[in-house]
Amino acid sequence: MSTALVILAAGMGTRMNSDLPKVLHQIAGAPMLAHAMLSGLSLEPSRIIVVAGHGADQVAAAAEEVMPFAQIVLQEEQNGTAHAVDQAREALADFDGDVIVLYGDTPFIRPETLEAMKTARARHDVVVLGFEAADPGRYGRLVMDGQRLDRIVEFKDASEEERKITLCNSGLICADRSVLFDLIAAVGNDNAAGEYYLTDIVGLARARGLSAGAVTCDEAETMGINSRSELAGAEAAFQARARAQALEDGVTLTAPETVHFAFDTIIGRDTVIEPNVVFGPNVTVESGARIRAFSHLEGCHVSRGGIIGPYARLRPGAELAEDVHVGNFVEVKNARVDRAAKINHLTYIGDAEIGEETNIGAGTITCNYDGVFKHKTRIGARAFIGSSTMLVAPVSIGDEAMTGSGSVITKDVEPGALAIARARQETKPGMARKLMEMLRLKKARKAETE
Ligand code: UD1
Ligand code: MG
């Protein structure tokens with residue numbers, strides 16, 4: 001049975017107090033919309049429809065970046081959740097199968113929960129995801145009739161008795177496409193909010209002799225985000241889970257609460273992560289590596305046995321082979337570094353290739369940018385780059401070649417050669433003392449005349 005996802009993301013998110021559409025605010029380096037979309041991916045949906053409204057262009061661009069096959073439909077006025085889903089009617093006209101409605105601002109639904117909803121569809125025409133709320137507040141309430149779901153009542157429209165119900169509506173609903181849109185067509189807006197409630201389809205389904213049921217999940221999964229403080233809470237919840245998962249997976253975190261993961265960080269077994277390490281998106285670290293304190297990694301790959309940091313920065317395109325060492329105050333961007341090469345101190349390596357076992361001396365800089373274009377630096381295997389070498393790209397250094405400290409290298413260096421490109425030293429005996437005497441005398445005279 002194929003599945004289509006409809007993700008509601010048209011709301012303004014007034015309480016975020018932001019120019020950015022709410023669903024584009026980030027958790028662990030990805031917009032909350034991306035989290036919602038990715039959680040639905042486990043169902044291998046054949047269609048993904050995102051309903052955009054406020055900031056639709058930005059929302060569409062973000063959705064397409066996550067999944068190029070996502071389709072965007074526009075809800076110009078936000079007249080309620082049923083009205084929002086109805087915007088996908090045409091896009092799904094030729095689709096056969098189940099539709100699952102997700103919210104773009106509810107990023108933590110687990111794949112297992114979506115699976116459970118799909119499974120429950122074998123027993124019910126309409127399946128709603130509910131949860132036992134510690135504080136039911138203003139959530140819609142699930143009114144049960146034994147094992148069956150009778151209807152959902154919105155808080156605003158609920159009686160005193162109904163408000164005492166603690167089983168709440170997460171907002172997620174699953175039904176066959178044609179059933180869903182038939183029911184939505186019958187939804188009216190005669191209620192406290194004057195909106196078309198998606199939740200009304202449950203009562204409508206029952207009135208037509210169809211069956212409805214509820215699947216429940218942990219409240220933490222249905223956490224919705226409406227304010228910056230809830231966004232910070234969601235980030236904390238994500239990080240707590242990611243840290244626990246890393247520990248479970250055999251990664252050592254010496255101070256787990258200080259390590260920040262991205263939504264897609266992958267760390268191998270027996271890797272050690274020291275305190276205060278930050279992972280941006282798209283990082284993989286293989287087994288048995290050590291990421292030392294205060295390092296920042298994004299868009300990079302660290303292979304087995306690598307030692308990174310302390311205070312290292314790996315930027316997008318840093319591809320490090322086995323046993324590479326990158327030390328303190330070193331930045332590596334868009335560079336391939338081969339096995340056992342060492343870049344240990346105060347260095348910038350950008351747009352480069354470095355061969356195996358090469359040693360890059362302290363303070364080396366690949367001068368890759370001329371103000372308009374970026375140029376490449378190629379360094380061979382077992383080369384030795386002297387401290388404070390400026391490698392003015394494009395430039396190549398051969399295998400087993402050396403550069404003298406302080407050189408400004410502007411021409412290619414052949415394999416095995418030593419290149420020195422700096423002014424020759426001149427030493428003047430006694431000159432330093434003479435110079436100091438002269439300066440002190442000058443200072444004394446100045447003090448006399450004042
Ligand atoms: C909704 C449910 C409520 C549930 C709660 C869970 C309805 C009528 N009520 O209430 O039972 O307990 O979520 O959080 O469905 N949206 C649109 N277009 C619209 C309206 C909403 O895209 O016209 C989007 C919003 O951006 C949001 C989601 O749908 O992502 C839910 O809308 P919201 O207004 O937050 O609904 P609630 O009143 O919280
Ligand atoms: Mg809400």
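In the predicted model, Ile308 stands opposite Val326 of strand β23, and this pair belongs to the parallel pairing of strand β20 (residues 307-308) with β23 (residues 325-337), which extends over two bridges. Strands here are DSSP runs of E with at least two residues, helices are runs of H or I with at least four residues, and both are numbered from the N terminus; two strands count as paired if DSSP finds at least two bridges between them. Strand β21 (residues 312-314) also runs parallel to β23 and is joined to it by three bridges, with Val332 in β23 as the bridge partner of Leu314. Strand β22 (residues 318-320) pairs with β23 in the parallel sense over three bridges, and Leu320 stands opposite Val337.

Most residues other than glycine have a negative phi, and most peptide bonds are trans. Leu346, which lies in strand β24, has a positive phi of about 50 degrees although it is not a glycine. The peptide bond from Gly309 to Pro310 is cis, with omega near 5 degrees, and Pro310 is placed in the loop between β20 and β21. A cis peptide bond, with omega of about 5 degrees, also joins Ala393 and Pro394; Pro394 is located in the loop between β29 (390-392) and β30 (395-397).

An antiparallel arrangement is found for strand β8 (residues 141-145) and strand β9 (residues 148-153), which are joined by five bridges. The two strands form a hairpin with two residues between them, and Gly146 in the turn has a positive phi of about 65 degrees. Asp145 stands opposite Arg148 in β9.

Ligand 1 sits in the largest pocket. A pocket is defined, on a 1 Å grid over the protein atoms alone, as an open set of points where a 1.4 Å probe fits, with protein on both sides within 12 Å along at least five of seven lines, and a molecule sits in a pocket if more than half of its atoms lie within 2 Å of the grid points of that pocket. Of the 19 residues around ligand 1 (those with a heavy atom within 4 Å), Gln75, Gly80, Thr81, Glu154 and Asn169 come nearest. By class, this shell has seven nonpolar, 10 polar and two charged residues, where Ala, Val, Leu, Ile, Met, Phe, Trp, Tyr, Cys and Pro count as nonpolar, Asp, Glu, Lys and Arg as charged, and the others, Gly among them, as polar. At least two shell residues are supplied by each of β1 (3-9), α3 (81-86) and β10 (167-176).

Residues are numbered from 1 along each chain as its sequence is written, with chains lettered from A and ligands numbered from 1 in the order in which they are written. For this predicted model, local features need pLDDT of at least 70 and side-chain atom pairs count only at pLDDT 80 or more, while totals for chains, interfaces and linings use all residues; side-chain values use heavy atoms, with hydrogens and water left out.

How values were computed:
On a 1 Å grid over the protein atoms alone, a cavity is a set of points where a 1.4 Å probe fits but cannot get out, and a pocket is an open set with protein on both sides within 12 Å along at least five of seven lines; lining residues have an atom within 4 Å of a point.
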